[in-house]
Amino acid sequence: MELFYRSTRGGGPAQTASAAILKGLAQDGGLFVPEILPRLDKSLEELSKMTYQETAYEVMKLFLTDFTEAELKDCIAKAYDSKFDTEVIAPLVEADGAYYLELFHGATIAFKDMALSILPHLLITSAKKNNVKNEIVILTATSGDTGKAALAGFADVEGTKIIVFYPKNGVSPIQEKQMVTQKGSNTFVVGITGNFDDAQTGVKQLFGDQELAVTMDKAGFQFSSANSINIGRLVPQIVYYVYAYAQLLKEGKIINGESINVAVPTGNFGNILAAYFAKNMGVPIAKLICASNENKVLFDFFQTGVYDRNREFVLTSSPSMDILISSNLERLIYMIADANAEKNAALMDALSSQGHYEITQEMKAKLADFVGNYASEQETSSKIKELYKKTGYVIDTHTAVASVVFDKYKKATNDTTKTIVASTASPFKFTRSVMNSIDKEYDAMDDFALVDTLSKLANVTVPKAIEEIRTAPVVHDTVCSKEEMKSVVMNFLL
Ligand SMILES: *Cc1c(COP(=O)(O)O)cnc(C)c1O
């Protein structure tokens, strides 16, 4: 049965999966959602015997129904290969009563690799299927991790170019170094004198600019998105929740059908939405624990039903979650509005004009499986130290936010359900914050001395992604204001 995609704001006809991937964002500014959420057609028992790649096929075939089996398997094989430093792709590590699902074993040591290793292949395949002749230009706003993961995925991929905008003073030194040293003649990295929301809003404006689209088309280009609003990002993320459940089953940690909870460090709401999709496809997930840092707009939303971005933007030690507009939440809002696009569009209009909206009681009742909470900077830092002292296991700042929120949840509810904590970045990506949490003395060291010390302390070899940037030259040094984004793009392409 073919699955079609519609805009959350109701505009335009239904799209095939490949067309939705190519477009990224719908014409009316909405996000593409599948008309129905498919159910897994393999049992959990069967899935527990599958590799990551086989699981990926079983999940993704249900969403990308216009891809042939050969096309999809080819994309999967090219994505989940030796770029990952472990054959299992997403290992589970048990520490202090939680199962950490390590999603950082790919090329850029953050969970964005899980989707961005496959997105370029999905896009190129989609372009072929839709007879696209133009070159695909990926426009991306990043809070730090998406940018590098997208650059790594698209660098030197024929028929594509990629332009990444990041907040100049809003990413970690390692994150910045990773991006500005990116090789590949089709890559372009630009710092914005603003925050992530400025970068994201700017990119959305470029996508919506019809005049620019015409100019680009004449020059043989068309824009597409690698941001987590692209359905081609969301679908690959469902896979690791299915896989993680199957692994727990395989290892005898749970019995078939036993419910688990998941705790997810959340920014743009893509990762946790993928868990929600997995749940709705038949994976026994009870609670979806949505963890925020001090930018706790989502916590407030789950508490009150009011989404309000009018607040101070806090720079934290978990910069990939420093977000006040969680784009993917729109998909959930649409779903709890019973696919009423008009209702959703009105709320999103309110968000862009007034900065806030309120959902109805009826909609709020459908969020019962979500539990929101947040971690302060102090709690995050203490958690890293505490877990290390107790177990020797070192987690990054984002993962620590989820871990703190999981602790708070357990304390409040006494719920003993086994829980997966999504571990979204390697501690080597946020070395300074991680090491300072363990001992303030470390702050005197330079970045790479810290890396070596962390390696000894955690007994983990320094990841290749970090080794590579030790000596790599800076090749991107463009900085612009948010108003200049359009001209920067035109200069690069035309
Ligand atoms: C992007 C990111 C997040 C947030 O994920 P969303 O899907 O945007 O909610 C959390 N942790 C890390 C390390 C990330 O890179």
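H17 passes H19 in a right-handed crossing (right-handed if the near helix is turned clockwise from the far one by less than a right angle, left-handed if anticlockwise). The model is predicted: local features need pLDDT of at least 70, side-chain atom pairs count only at pLDDT 80 or more, and totals for chains, interfaces and linings use all residues. Residues are numbered from 1 along each chain as its sequence is written, and side-chain values use heavy atoms, with hydrogens and water left out.

**Exercise 1.** Describe how helix H17 (residues 377-391) and helix H19 (residues 431-438) cross.

*Solution.* Step 1: the axes of H17 and H19 come within 8 Å and cross at roughly 65 degrees. That makes H17 roughly perpendicular to H19. Axes here are lines fitted to C-alpha atoms, for helices over the stretch in contact, with angles from 0 to 180 degrees between N-to-C directions. Angles under 35 degrees count as roughly parallel, over 145 as roughly antiparallel, 65 to 115 as roughly perpendicular and the rest as oblique. Helices (H or I, at least four residues) and strands (E, at least two) are DSSP runs, numbered from the N terminus.

Step 1: Ser 381, Ile 384, Lys 385 and Tyr 388 of H17 touch Val 434, Ser 437 and Ile 438 of H19 (contact means heavy atoms within 4.5 Å). By class, the residues of this contact are 4 nonpolar, 2 polar and 1 charged; Ala, Val, Leu, Ile, Met, Phe, Trp, Tyr, Cys and Pro count as nonpolar, Asp, Glu, Lys and Arg as charged, and the others, Gly among them, as polar.

**Exercise 2.** Describe how H19 and helix H20 (residues 447-458) cross.

*Solution.* Step 1: the two axes come within 10 Å, at a crossing angle of roughly 60 degrees.

Step 1: from H19, Thr 431, Arg 432, Met 435 and Ile 438 meet Asp 447, Leu 450, Val 451, Thr 453, Leu 454 and Leu 457 of H20. The contact has 6 nonpolar, 2 polar and 2 charged residues.

**Exercise 3.** Which residues make the contact between H3 and H11?

*Solution.* Step 1: the axes of H3 and helix H11 (residues 231-250) come within 9 Å and cross at roughly 130 degrees. H3 and H11 are therefore oblique to each other, in a right-handed crossing.

Step 1: H3 contributes Tyr 52, Thr 55, Ala 56, Val 59, Met 60 and Phe 63, and H11 contributes Val 235, Pro 236, Ile 238, Val 239, Tyr 240, Val 242 and Tyr 243. These divide into 12 nonpolar, 1 polar and no charged.

**Exercise 4.** Where do the buried residues of H4 lie, seen down its axis?

*Solution.* Step 1: in helix H4 (residues 69-79), Leu 72, Cys 75, Ile 76 and Ala 79 are buried. They fall within an arc of 95 degrees, so they line one face of the helix. Buried means under 20% relative accessible area, exposed over 50%, partly exposed in between (1.4 Å probe, protein chains only); the arc is that of the directions from the helix axis to the C-beta atoms.

Step 1: these buried residues pack against helix H3 (52-63) and helix H6 (119-129).

**Exercise 5.** Are Ile 109 and Asp 338 buried or exposed?

*Solution.* Step 1: Ile 109, in the loop between strand E4 (98-102) and helix H5 (112-116), has phi near 50 degrees, a positive value in a residue other than glycine. At 4% relative accessibility, Ile 109 is buried.

Step 1: Asp 338, in the loop between helix H14 (329-336) and helix H15 (341-354), has a positive phi near 55 degrees. At 53% relative accessibility, Asp 338 is exposed.
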